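Biologist: I have a model open and would like to learn how to read it. Please take me through it feature by feature.

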Amino acid sequence: MPLAVLPLGLELVESGALTPLQTIPSTPSDFTGYSTGAEIQVDRAGRTLYVSNRGHDSIGVFAIDPVRGTLAPRQWVPTHGRTPRFFALDPEQRFLYVANQDSASIVAWRVAAGGRLAPSRVRVK
């Protein structure tokens, strides 16, 4: 029996160990290529997790269950560049900016309802 369920799918058990509640891929289930994760961020409200995927060249968007701490995929959006190196939410959390290492570009996404990402026209090369 867990003592507490912590954010991001971990539970604290009596021994003091953290154990995973869930293991899920950061890319869509139909993706068969090679990809690695680079960055993980949680929005200020603790409801949405974002992860960058190098190889799939995408940002994965996951809902965080506030009771269980588990994740559910919401969407994957392309980074419109190669090898997302870094991404960040702006201070108001209205935009998510992705820096693509191998294409020397920065692309902005609007943060829409429920933490989903919507296209913007902002692209810097």
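The dialogue below goes from the overall fold to single residues.

Biologist: Where do I start?

Modeller: With the ground rules. This is a predicted model, in which local features need pLDDT of at least 70 and side-chain atom pairs count only at pLDDT 80 or more, while totals for chains, interfaces and linings use all residues. Residues are numbered from 1 along each chain as its sequence is written, and side-chain values use heavy atoms, with hydrogens and water left out.

Biologist: How many helices and strands does the protein have?

Modeller: Helices (H or I, at least four residues) and strands (E, at least two) are DSSP runs, numbered from the N terminus. Here there are zero helices and eleven strands. Along the sequence the pattern reads β-β-β-β-β-β-β-β-β-β-β.

Biologist: What share of the residues is buried?

Modeller: Buried means under 20% relative accessible area, exposed means over 50%, and partly exposed lies in between (1.4 Å probe, protein chains only). Of the 125 residues in the protein, 37% are buried. For the surface, accessible areas come from the Shrake-Rupley method with a 1.4 Å probe, and for residues only the protein chains shown count as cover. The protein exposes about 7500 Å², with 56% of that supplied by carbon and sulfur atoms.

Biologist: Which residues make up the largest nonpolar core?

Modeller: In soluble globular proteins, nonpolar side chains tend to be buried together. A nonpolar core is a set of buried Ala, Val, Leu, Ile, Met, Phe, Trp, Tyr and Cys residues joined through side-chain atoms within 4.5 Å. The largest one here has eleven residues: Y50, I59, V61, V77, F87, L89, L96, V98, V107, W109 and L117. At least two of its residues come from each of strand 6 (58–64), strand 8 (84–89), strand 9 (95–100) and strand 10 (105–111). There is also a second, separate core of five residues, including L49, V51, I64 and L71.

Biologist: How do I read the strand pairing?

Modeller: Two strands pair if DSSP finds at least two bridges between them. Strand 6 and strand 7 (71–78) are antiparallel over seven bridges, with S58 opposite P78. Strand 8 and strand 9 also run antiparallel, joined by five bridges, and P84 stands opposite N100. Strand 10 pairs with strand 11 (residues 117–124) in the antiparallel sense over five bridges; there, V107 has R123 as its bridge partner.

Biologist: Which residues in the hairpins take a positive phi?

Modeller: One case for each of these pairs. Between strand 6 and strand 7 there are six residues, and G69 in that hairpin has a positive phi near 80 degrees. The hairpin of strand 8 and strand 9 has five residues between the strands, and Q93 takes a positive phi near 55 degrees. In the hairpin of strand 10 and strand 11, with five residues between the strands, the value for G114 is positive and near 70 degrees.

Biologist: What is S105 in contact with?

Modeller: S105 is in strand 10 and is buried, because its relative accessibility is 6%. Leaving aside neighbours within four places in sequence, its contacts are H80, G81, V98, A99, N100, V124 and K125.

Biologist: Which residues form a nonpolar patch on the surface?

Modeller: Patches are made of residues with over 30% relative accessible area and no salt bridge; like charges are joined within 9 Å, and nonpolar side chains (Val, Leu, Ile, Met, Phe, Trp, Tyr) within 5 Å. A salt bridge is a side-chain nitrogen of Lys or Arg within 4 Å of a carboxyl oxygen of Asp or Glu. Y97, I106, V122 and V124 form such a patch, with about 300 Å² of accessible area together. I106, in strand 10, counts as partly exposed because its relative accessibility is 37%. Beyond neighbours within four places in sequence, I106 is in contact with Y97, V98, A99, V122, R123 and V124.

How values were computed:
Contact = heavy atoms within 4.5 Å.
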